[in-house]
Amino acid sequence: MIDGKKVLFSGMQATGTLTIGNYLGALQNWVKLSDEYECFYSVVDLHSITVRQDPAELRKRARNLLTLYIAAGLDPKKNCIYYQSHVSGHAELSWILNCFTYMGELNRMTQFKDKAAKHADNINAGLFTYPVLMAADILLYQADVVPVGIDQMQHLEITRDIAQRFNGVYGDVFTIPEPYVGKSGAKIMSLQDPAKKMSKSDENPNASVYLMDDPDTIIRKFKRAVTDSMARIAYTDEQPGIKNLLDIYCACTGKTSEEAVKEFDGSGYGDLKLAVGESVVSALKPVQERFAELSKDKAYIDEIIKENADKANYYAMKTLRKVQKKVGFPERIR
Ligand code: TRP
């Protein structure tokens, strides 16, 4: 609890170009949560170097992502928006938690198995202990809730296991975080293969709509979206392409799937695709404009970065000092 509010932690990696999936599925939802919770939204750059990055590119992307958090509507005076690498407590707590995590547990992580297969030439220890760093992120702020997608649920479970194990030895040190369930953000699928999640690293440029795509590109990608030959607009798992288009439409307009189906009753797929594309264009417009504006204001963003790093450090240090004491590190002489 901070000032009577429950604490929420989440983060995103600044790798790849953000898609409307990241926005409609996560960011847009974060904005809605920011009144109810004391929120920490991190740009998790420590996590990013588990795979090789170009340094200049990583720095640029991290700054863009942080700017985008604000452009998407997160008030940086209310929400702690910061770089993970500016708070050394993440790495320090991560080390301690490593000593409370079993190899066997980490070996079971499906994301590790996937990434190890994908980066077979660089299966480094950081890739293996990635979930422990994520546990440190969450536990450092004594987070009560963590909004995560289904792909990160296993990491949240291991976080809870580590926290419970630590508390079992030393008493109630960590808050045990819960996944944020509730009206969850939409899960947006690829426009070219609706069985696959829309991904920022998809090789097919028509599969993903990027947050910074211009209106023409957006409309063109929707026109090419894969549908089916059933020639009817219904919201069902048998028509994953149409369902995805309706999900996107609803996420952009705030309508329910029933309302959307009714609205498109009798329309052809071409009309639907165009309408969905237009709804995306208008949902992204204010975000893109604000992003362009903010990007020009270096001093303002710098000030946000500094202020929020200080704030994050303050809370992180509180937990870290407590943990260090519990495990038996000597007291600091001041
Ligand atoms: N691993 C998450 C992802 O790739 C990002 C992340 C890092 C995160 N630390 C976190 C998400 C803590 C939630 C809470 O999506």
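Trainee: Which residues line the largest cavity?
Mentor: In this predicted model, the lining of the largest cavity is made up of Gln 111, Phe 112, Lys 115, Leu 127, Tyr 130, Pro 131 and His 155.

Trainee: What volume does the largest cavity have?
Mentor: The volume of the largest cavity is about 30 Å³. The structure holds one cavity of 30 Å³ or more.

Trainee: Which helices supply at least two residues each to that lining?
Mentor: They are α6, which spans residues 110–118, and α7. Sorted by class, the lining of the largest cavity has four nonpolar, two polar and one charged residues.

Trainee: Let us turn to the ligand. How many residues surround the ligand, and which are the closest?
Mentor: The ligand is surrounded by 13 residues, and the closest are Phe 9, Tyr 130, Met 134, Asp 137 and Gln 152. Tyr 130 also belongs to the lining of the largest cavity.

Trainee: What lies 2.8 Å from a nitrogen atom of the ligand?
Mentor: That is a polar side-chain atom of Tyr 130. Asp 137 has a polar side-chain atom 2.6 Å from a nitrogen atom of the ligand, and for Gln 152 the corresponding distance is 3.1 Å.

Trainee: And how much of the ligand does the protein bury?
Mentor: The protein buries 88% of the 370 Å² that the ligand exposes when taken alone.

Trainee: Which elements give two or more residues to the shell around the ligand?
Mentor: Those elements are β1, residues 7–12, and α7, residues 125–140. The largest share, four residues, comes from α7.

Trainee: What is the make-up of that shell by class?
Mentor: The shell around the ligand has seven nonpolar, five polar and one charged residues.

Trainee: A new topic, then: how many aromatic pairs does the structure hold?
Mentor: There are 14 aromatic pairs in the structure.

Trainee: Which residues do ring pairs link into a cluster?
Mentor: The cluster joins Phe 9, Phe 40, Tyr 82, Tyr 141, Tyr 314 and Tyr 315. Phe 9 is also listed among the residues closest to the ligand.

Trainee: Which helix gives the most to the lining of the second largest pocket?
Mentor: Helix α3, residues 55–71, gives the most, with six residues.

Trainee: How does the lining of the second largest pocket divide by class?
Mentor: The lining of the second largest pocket comprises seven nonpolar, five polar and four charged residues.

Note on methods
Residues numbered from 1 in each chain as written. Predicted model: local features only at pLDDT ≥ 70, side-chain atom pairs only at ≥ 80, totals over all residues. Heavy atoms only, no water. Nonpolar A, V, L, I, M, F, W, Y, C, P; charged D, E, K, R; others polar. Near = heavy atom within 4 Å. Polar contact = N/O pair within 3.5 Å; in protein donor to acceptor, adjacent residues only side chain to side chain. Areas by Shrake-Rupley, 256 points an atom, 1.4 Å probe, with all protein chains shown as cover. Phe/Tyr/Trp six-rings, centres within 6.5 Å; stacked < 30°, edge-to-face > 60°. 1 Å grid on protein atoms, 1.4 Å probe; cavity = no way out; pocket = protein on both sides within 12 Å on 5 of 7 lines; lining within 4 Å. Points joined across faces, edges and corners; volume = space filled by probe spheres on them.
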